[in-house]
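Hi,

Here's the structure I promised to pass on. Have a look at it first, and then read my notes below.

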Amino acid sequence: MLLQLNEPLSTNAIISTEPLSYAIGIDLGTTHSVVAVAHSENEIEVLVIDGSALVPSIVAYDGDIVTVGFDAAEMPGVFSSFKRLMDKPAIEIRDAKSPIMLSADVLKKLRNDAEKVLKKPVTKAVITVPAYFDDTARQATKDAAKLAGIEVLRLLSEPTAAALAYGLDQQVLSQEIEGIYAIYDLGGGTFDLSLLKMTHGVFEVLATGGDTQLGGDDIDDAILKHWKKYGADYTRLARIAKESLSTAVTWNDVDVQLTRAELETLSKPILDKTITVTKRVMYDADLTPDAIQGVVLVGGATRMPLVQAIVADIFKQPPLTNLDPDQVVARGAALQAYMLTHGQGTLLLDVTPLSLGIEMMGGLVEKIIPRNTPIPACVSQEFTTYENNQNAIEFHIVQGERELSHDCRSLARFTLTDLPHKPAGVVRVSVTFQLDADGLLSVSAFEKNTQKKQTIVVKPSYGLSEEKLRCMLFESQENGLEDMQKRQLIETRVDAERLLRYCQSAITEDGHLLDLDTLESLKVVLNDVESVLALSDREAIRAQIDRLKQATATFAAARMDLAIQKQFVGNKI
């Protein structure tokens, strides 16, 4: 039979013990990649390729010949660590090669070798990505898989995959080990810290944070600077030295040497950054270390004794080390692939790491999907026109935690046109944000009277910079009070401008209802309101708004009487 796709909790899946094709789990890593397949929910096989479970994520080219993995390591001009550039998919790294093309070649080798090991076709996969991969990097990963001939069943965050693998292996569904777990994931190029709550078969991500430009590669670079020797050969030796010193206290080669004490001194500034991220995520989740039931280590760099000591110090308990940290993510991906193709009673609730919203009048941000909302998510909200006879609305979609749009990341813009010509505030447009299980966003706007609809799938042309990614949350906390004060000022100013426009329009239409003295007095008040709009004094603007409302009360009543009179002319009651 062919694979039958089912969501978790499905009960009508058809299970075949001899599938005609396999759905695999792939940990597409910065330094190494791993492939696994789940034959059942309790039997996971990590595939051995070229004699190892870890396949180096490096590519070399000799004309039209593509070499990936261990053989590529011996060739000149290899490409490596390109996963760090997945948020810039169109960049040309070298020789017209992009991160997507390089990742596609790695995925193609993994698929082909998996087919050789399993002796069955492999066409579908769950591929893991760092929790802090943005929309661009996630879409680039899916594009690479497509080029490699792989249908992506789901992009799964690496910490969530690790929790899934660890949880099921340790029978997490049993009551005694349910609770909140921290996933500390330090790989070759990225770092993630996620907090997951495991209850009755539901794995819910409470909070997540990370850095897409922080990992074991940075420790290798620090070793090279310490040696003052560079090049591919020394890069390889730096990695060997780092790995060897996880168990040894000294390491020597022909002209370079390193001790564990030296390695820990070089590594500490890098590892301190992981402590900062960890504390921030704990703060976001409003949790203290004593609320954490266990800590799972993921990624080869977590084999370092200093990393394990740091983690134990932060969480006041030794980390769990039951599973190989290099393989645990691929195991979780394989389990998720099995669930999606066979049906299973475990539900994963990942979250969006940053808020998604729309720019409002005055440059304010209306958050539609708040940060740390479980995904997939679908949220709708109604918006209206600002001016009379407004026939179009431009929507600016942003991402971030700040109150003003220019302080957030711009994702996309689109316009809903041909709206009915109505007074301001009458036309209603429903805007829907839909965030799928892969963390990809689509936004639609719908006006029911005209049946006009516009939809956009957000594929931003650039990714978050290293500095932006690291600082967005910190800036939102640091500037929280100032941002809220700015928001309140702008909201008051927008209210004043709206009331001013309405009164000016009313005078144009029905000014004849006022005597000349009252009309002149009202115009003076309008001028006073207009004069305070440029001020940064919210209380002064509010005072003028109240004054204008009092000055127009009689006028508003006269207009209401006129409107009622028009409605009843020619009718019998």
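At what angle do the axes of helix α7 and helix α8 cross, and how many Å apart do they come? This is a predicted model, and in it the axes of α7 (residues 260–284) and α8 (residues 305–315) cross at roughly 35° and come within 9 Å. The crossing is right-handed. On the α7 side, the contact is made by Arg260, Glu264, Ser267, Leu271, Ile275, Thr278 and Met282. From α8 come Pro305, Leu306, Val307, Ile310, Ile314 and Phe315. Sorted by class, that gives nine nonpolar, two polar and two charged residues.

There's another helix pair to look at. Helix α5 (residues 216–227) packs against helix α6 (residues 232–244) at about 110°, with the axes 9 Å apart. So α5 and α6 sit roughly perpendicular to each other. Their crossing is right-handed. Among the residues that meet there are Ile223, Leu224 and Trp227 in α5, and Tyr234, Leu237 and Ala241 in α6. By class, the contact of α5 with α6 has eight nonpolar, two polar and four charged residues.

Now for a strand. Is β14 (residues 294–298) buried or exposed? Five of its five residues are buried, so the strand is largely enclosed by the rest of the structure. In a regular strand, side chains alternate between the two faces of the sheet. In β14, Gly294, Val296 and Val298 point one way, while Val295 and Leu297 point the other way. Strand β9 (residues 179–186) runs parallel to β14, and five bridges join the two.

Cheers

Note on methods
Residues numbered from 1 in each chain as written. Predicted model: local features only at pLDDT ≥ 70, side-chain atom pairs only at ≥ 80, totals over all residues. Heavy atoms only, no water. Axes fitted to C-alpha atoms, helices over the stretch in contact; angles between N-to-C directions. Helix = DSSP H or I, 4+ residues; strand = E, 2+ residues; numbered from the N terminus. Left-handed = near helix turned anticlockwise from the far one by under 90°. Contact = heavy atoms within 4.5 Å. Nonpolar A, V, L, I, M, F, W, Y, C, P; charged D, E, K, R; others polar. Buried < 20%, exposed > 50% of the residue type's maximum accessible area, 1.4 Å probe, protein only. Pairing = 2+ DSSP bridges. Parallel < 35°, antiparallel > 145°, perpendicular 65-115°, else oblique.
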